[in-house]
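Hi,

Here is the structure I promised to pass on.

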Amino acid sequence: MSDHNKQNHDKKNKRDPKKPEYEKLSIAKTLKKLSANEDQGLSEKEIGERQRKYGKNTLEEEKHNPFIEFLSHFWGPIPWMIEVAVILSAVAQRWEDFAVILVMLLINGGVGYWHEHKASNAIRALKEKLAPEARVIRNGKSQKIPSGELVPGDIIIIRMGDVIPADAKLLEDQQVSADESSLTGESLPVNKNSGDMLYSGTTVKRGEGRAVVTGTGKNTRFAETVKMVKRAEEKSHFQKAVLKIGYHLIGITTVLVLVIIGAGLLREDPLWEILIFAMVLTIAGIPQALPAVLSVTMTVGAKRLARKKAIVSRLSSMEEMAGLEVLCCDKTGTLTKNQLEVQDPVLIEADDKDRLIRTAALTASPDRSGEDPIDRAILDKINRSTLKHYNVTNFNPFDPTRKRAEAEVEYGKEKFTAAKGAPQVILDLVNPADDIRKKVLKKVEKLGQDGYRSLGVAKKKKGGKWKYLGILPLLDPPREDSAEVIRNAMDRGIDVRMVTGDHAAIGKQVAGQINLKKDIVPANDLFVEEDENAGKKEKQKRKEKRRERFGSVAGFAEVTPEHKFNIIKEFQSNDRIVGMTGDGVNDAPALKQADIGIAVSGSTDAARSASDLVLTESGLGVIIDAVVEARRIFERMISYATFRITETMRVLLFMTLSILAFNFYPVTPIMIVLLAILNDIPIMTIASDNVRTPSKPVRWNMKRVLTIATVLSVTGVISSFLLYWYLREYAHYPANTIKSMIFLKLLVAGHMTIFLTRNTGAIWQKPYPSLALFLSLEGTQVTGTLFAVYGILIPPVGWANAGIVWGYALIWILLLSGLKILTYKVMDRMKFYDR
């Protein structure tokens with residue numbers, strides 16, 4: 001190795017000098033270094049000092065300055081439009097308009113910030129309920145504390161099933177078996193003896209003991225592993241859609257403003273009049289409540305999902321869930337119970353199945369049955385009261401070296417030894433005749449092909465020879481609701497794929513019971529290494545073959561975390577919206593890459609922080625509930641977006657054509673501001689509106705949205721011009737009265753447009769509007785009517801003229817309802833949709 005390379009190598013492997021290498025220190029030196037007392041633990045004074053020094057035992061989350069977050073709501077295409085209006089009003093010295101628009105800008109940004117902040121706080125509060133606890137010795141007493149309060153030097157007590165809350169060193173005379181798969185991907189438990197290190201985020205599989213905490217928070221191996229999550233891509237269809245709407249409205253506004261300015265200059269109109277009208281058009285083109293309404297809609301949905309045991313950690317993921325097309329589900333715990341059960345025993349030399357199971361049960365300690373899933377499965381299969389007649393004189397639990405458990409038993413005058421373990425291990429122990437050996441191997445092979453785990457059971461009378469009694473098939477059975485939930489999911493257009501680290505045979509066994517095809521393939525068979533020497537056509541052929549295979553298989557077996565990541569990328573390359581479940585640190589990159597990362601119940605903090613949806617209850621049903629709720633939310637967002645674009649285009653086109661065709665300003669600036677405020681107040685209640693639940697995944701289809709918005713807006717402009725023409729040419733109303741009546745028409749008809757855009761059928765079809773939406777709409781319509789009738793801020797029109805406007809608007813809303821239905825039918829025939 002060259003000196004230069006050696007120096008680089010040394011730099012990479014050099015440890016932080018501030019972090020002691022506890023792996024190499026003895027237990028005594030570690031305790032001394034940490035000033036820790038094995039029996040008494042830390043005192044309150046020591047705890048306080050160390051918490052100030054080391055901080056919380058949690059993963060660092062990216063912190064945002066609240067003030068910067070608030071200002072961010074004033075940056076972007078939509079806020080820019082309002083800010084331009086503020087500047088124009090100041091230039092024109094229209095200070096009344098300047099003040100009103102500035103207040104509108106602050107309200108718009110403030111509402112958006114407040115609702116996002118409120119949603120974040122709600123999610124944070126829900127996450128705090130999930131905070132894990134640790135058993136610790138402090139002030140000489142054993143107690144439970146939140147894991148986040150641990151500090152280096154704490155003495156923790158760990159038991160089977162516990163998640164190690166911090167990096168720690170096992171103390172004297174302690175031995176446990178730890179599952180480090182969530183950290184390393186290695187499926188087999190690792191034996192830990194006195195002086196060995198335990199790592200945060202791993203799970204205790206066997207044994208119990210005490211350990212001294214050596215590292216917390218960012219100073220753990222757990223935290224170092226999590227850093228790779230940041231490499232994964234992150235994208236949001238929701239953000240793209242909002243920007244697209246914003247840019248579309250900006251484009252329309254810009255073009256029309258330029259047209260007006262050009263026409264005004266050609267007519268040699270006063271410059272200030274041109275600027276004032278440009279300001280009016282700019283205000284009219286602003287969808288002030290767009291970000292706030294969409295945020296509120298998603299926040300309300302997030303709270304509903306929380307009541308269903310699903311916590312949303314990223315608001316924009318609500319829209320992604322609505323479009324979920326492929327759901328890759330972990331088999332264990334999501335599709336199955338995550339609880340082994342003994343199936344029909346296979347007799348070899350035993351003559352009775354009950355005696356076979358009872359013999360196996362004698363090698364399990366009843367008082368510790370809850371700690372070992374295999375022992376619990378065996379004991380649940382028998383009547384435990386029958387074991388009280390047996391006296392276990394010597395019990396040797398499962399040992400990783402011997403790979404079997406044994407018990408010496410007295411039953412009356414009979415004395416015997418019972419053993420259970422892997423079938424091959426028990427075969428070697430018994431060393432039976434060839435015919436027995438062949439029979440056992442054949443049965444085990446058949447059980448393996450059918451997806452069962454096998455456990456051999458043997459018995460030896462005192463002074464006698466071992467007998468191979470039989471085989472206990474073990475299976476983690478499907479959850480009772482899995483088959484029905486998968487059927488419902490598929491009916492809703494969700495393609496459910498099984499993902500398991502187990503052998504393909506086990507996956508097929510479960511798939512056959514839950515309405516999935518048995519085409520479960522090892523992930524390695526799909527991700528074969530590319531031949532670098534292969535030609536371009538050959539590579540493309542292989543790629544298409546893999547894509548075709550991906551589209552047909554029901555699931556993936558022997559999956560590693562890297563496989564999960566690649567499975568997601570493969571589906572996404574085909575423009576599919578993908579959801580992936582996971583629970584370990586090593587699942588975090590895949591969860592981050594997925595359009596909807598789902599941390600299942602019992603997940604590590606790393607998996608939760610990388611996910612969009614955190615489940616607090618097991619099973620697939622919670623996920624499907626979340627998707628259904630998300631689709632309803634999406635329908636509300638589509639409804640509002642269509643309404644907002646329709647109304648913006650309607651007002652912009654009407655005012656532009658009025659000034660071009662009649663050289664007439666149809667409404668005053670203050671009327672435009674009133675319209676904007678009165679329009680936005682009821683729209684905030686759209687988050688609670690009653691909507692249909694789409695039967696298939698939904699996506700933003702801007703072509704469809706813009707088409708229906710254009711049809712409704714152009715027709716609305718025609719209706720406004722007909723009213724204006726009648727009032728001016730036939731009724732000969734004064735100009736100020738015409739302006740107020742046009743204002744009232746734009747308000748009443750505009751509010752009624754929401755009844756058009758909230759469904760694709762007639763306005764009277766179910767589901768009916770929610771009471772909150774209906775009352776708020778009618779309330780603002782009545783308020784606007786009173787302004788027009790009694791001349792509040794605008795010229796009065798009286799009740800008779802107000803009645804004319806209301807009747808005119810009602811007739812047109814019925815005509816527009818029929819036109820809308822016809823437009824949707826035409827778009828369906830032309831396949832103008834992908835919903």
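The lining of the second largest cavity splits into 6 nonpolar, 3 polar and 2 charged residues (Ala, Val, Leu, Ile, Met, Phe, Trp, Tyr, Cys and Pro count as nonpolar, Asp, Glu, Lys and Arg as charged, the others, Gly among them, as polar). Bear in mind that this is a predicted model, where local features need pLDDT of at least 70 and side-chain atom pairs count only at pLDDT 80 or more, while totals for chains, interfaces and linings use all residues. Numbering runs from 1 along each chain as its sequence is written, and side-chain values use heavy atoms, with hydrogens and water left out.

On a 1 Å grid over the protein atoms alone, a cavity is a set of points where a 1.4 Å probe fits but cannot get out, a pocket is an open set with protein on both sides within 12 Å along at least five of seven lines, and lining residues have an atom within 4 Å of a point. Points are joined across faces, edges and corners, and a volume is the space filled by probe spheres set on them.

That second largest cavity holds about 60 Å³. α30 (798-829) gives the largest share of its lining, 5 residues (helices are DSSP runs of H or I, at least four residues, and strands of E, at least two, numbered from the N terminus). Lys745, Trp812 and Arg650 are among the lining residues.

The second largest pocket has about 470 Å³ of space. Of its 19 lining residues, Arg355, Glu414, Lys459, Lys461 and Leu469 are closest to the centre. Its lining has 10 charged, 7 nonpolar and 2 polar residues, and α14 supplies the largest share, 4 residues.

Cheers
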